[in-house]
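Let's take a walk through a protein chain together. Have the sequence and the 3D view open as you read.

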Amino acid sequence: MEDDDCLTTLKILIIGESGVGKSSLLLRFTDDTFDPEQAATIGVDFKDTAGQERFRTLTPSYYRGAQGVILVYDVSNSQTFHKLDQWLNELDTYSTKSDIVKMLVGNKIDKEKREITRDQGLKFARKHSMLFIECSAKTRDGVQCAFEELVEKIIQTPGLWESDSKSSRGIVMSAGGSQAGQGCSGYCSVL
């Protein structure tokens, strides 16, 4: 990097019902690891907004200033899909950026028993002007692409991530080895 370049920090939320694989997606992306015995995330930390009802009162401050959100459901559990409207309502209530980039992620495509089709996910994403991808934190299919596409869309949205300064900005993503736009194998639907 040149001296006048600097890194920009983006705030990206990962939300959805408990057990859909939010932490697993993040760990697959950041560390390229998967723990089949992953315990449920308790509460909210800087990485994850847990889907547990009793921690909902903590969430408003975590939505503030976010430039992107990954809304996750489990393709093998229709209940997690049917709760998506509630998560979108919460996002609309607490998000401070009207142009926040939203991505719908159908996780656990490695499971044999599927309750939500790809078309159902795509239809929901189109209805709500969201990016859409199906993936598996377990097999890593689509995970890298999901994060790369979301960041790329944030970068392409004027005023969403730039600071007030006129200095040039760069964003470096260091998880995984593929370059943006490569390795997606048709998983992403950019709307």
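## Strands side by side

E4 and E5 are partners: they pair in the parallel sense over four bridges. Two strands count as paired if DSSP finds at least two bridges between them. Among the bridge partners here, Val 105 has Ile 133 in E5.

A quick word on ground rules. This is a predicted model, so local features need pLDDT of at least 70 and side-chain atom pairs count only at pLDDT 80 or more, while totals for chains, interfaces and linings use all residues. Residues are numbered from 1 along each chain as its sequence is written, and side-chain values use heavy atoms, leaving out hydrogens and water.

Back to the sheet. Which strands form it, and in what order? Four strands make an open sheet, running E2-E3-E4-E5 with parallel pairing. E2 and E5 are the edge strands, each pairing on one side only. On average, neighbouring strands of this sheet are turned by 20 degrees against each other, direction ignored. E3 and E4 also pair in the parallel sense, over seven bridges, and Leu 71 stands opposite Leu 104 in E4.

| Helix | Strands touched | Angle between directions |
|---|---|---|
| H4 | E2, E3 and E4 | about 165 degrees with E3 |
| H6 | E2, E3, E4 and E5 | about 170 degrees with E4 |

In a regular strand the side chains alternate between the two faces of the sheet. E5 is covered on both faces: Leu 131 and Ile 133 on one side, and Phe 132 and Glu 134 on the other, are all buried. Buried means under 20% relative accessible area, exposed means over 50%, and partly exposed is in between (1.4 Å probe, protein chains only).

## A closer look at H6

Helix H6 covers residues 143-155.

Is H6 mostly covered or mostly open? Mostly covered: ten of its 13 residues are buried, including Phe 147, Leu 150 and Ile 154. These buried residues pack against strands E2, E3, E4 and E5 and also against helix H1 (22-31). Contact means heavy atoms within 4.5 Å.

## Rings that meet

Rings of Phe, Tyr and Trp (its six-membered ring) pair if their centres lie within 6.5 Å; planes under 30 degrees apart count as stacked, over 60 as edge-to-face and the rest as tilted. The whole structure has four aromatic pairs. One of them joins Tyr 63 and Tyr 94, a tilted pair at 5.9 Å centre to centre with 35 degrees between the planes. Tyr 63 sits in helix H2 and Tyr 94 in helix H4, so the pair ties together parts that are 31 residues apart in sequence. Tyr 63 is buried at 1% relative accessibility, whereas Tyr 94 is partly exposed at 33%. Elsewhere, ring pairs link Tyr 73, Phe 81 and Phe 124 into a cluster.

## The whole chain

Overall, the chain has six helices and six strands. Helices (H or I, at least four residues) and strands (E, at least two) are DSSP runs, numbered from the N terminus. Buried residues make up 47% of the 191 residues.

Key. Expected span 1.5 Å × (residues − 1). Axes fitted to C-alpha atoms, helices over the stretch in contact; angles between N-to-C directions.
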